[in-house]
Amino acid sequence: MTLYVYDKALQRAGIVEDIRSLQWLEEYQDAGEAKLVCSATEKNRALLADGNRLYCTEQAESAIVRQAELTDDGKDAGLTARAVYSA
């Protein structure tokens, strides 16, 4: 699986590194969301900025990043991003 990130101008910005978990959550009457957990590398923090778009090669939808939160359990910093499905 490859997870591409596009900026607000829809130019490819890069590929997310070290994905730990990726869930595409569909909702019956809502757009649904994607939840991504990855390493909190400098590159990933820059890519997962609010408004950037995620495109997974295994999904039909893309999703727009709305939140990214740094988590640190003392061993390895992680980054959790939430994105809403785009039209």
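In what order do the elements of the chain run from the N terminus on? The order is β-β-β-β-α-β-β-β, with one helix and seven strands in the chain; helices (H or I, at least four residues) and strands (E, at least two) are DSSP runs numbered from the N terminus.

This is a predicted model: local features need pLDDT of at least 70, side-chain atom pairs count only at pLDDT 80 or more, and totals for chains, interfaces and linings use all residues. Residues are numbered from 1 along each chain as its sequence is written, and side-chain values use heavy atoms, with hydrogens and water left out.

Start with the whole chain. Its C-alpha trace spans about 40 × 30 × 20 Å along the principal axes. Buried residues (under 20% relative accessible area, 1.4 Å probe, protein chains only; exposed is over 50%, partly exposed in between) make up 37% of the 87 residues.

Next, select Trp24 and Tyr85. They form the one aromatic pair in the structure. Their ring centres are 5.7 Å apart and their planes at 40°, so the pair is tilted. Rings of Phe, Tyr and Trp (its six-membered ring) pair if their centres lie within 6.5 Å; planes under 30 degrees apart count as stacked, over 60 as edge-to-face and the rest as tilted. Trp24 belongs to strand β3 (residues 19–25) and Tyr85 to strand β7 (residues 77–85), so the pair ties together parts 61 residues apart in sequence. Trp24 counts as buried at 15% relative accessibility, and Tyr85 is buried at 12%.

Finally, select Arg12 and Tyr4. Arg12 lies over the face of Tyr4, 4.1 Å from the ring centre; the criterion is NZ of Lys or CZ of Arg within 6 Å of the ring centre and within 35 degrees of the ring normal.
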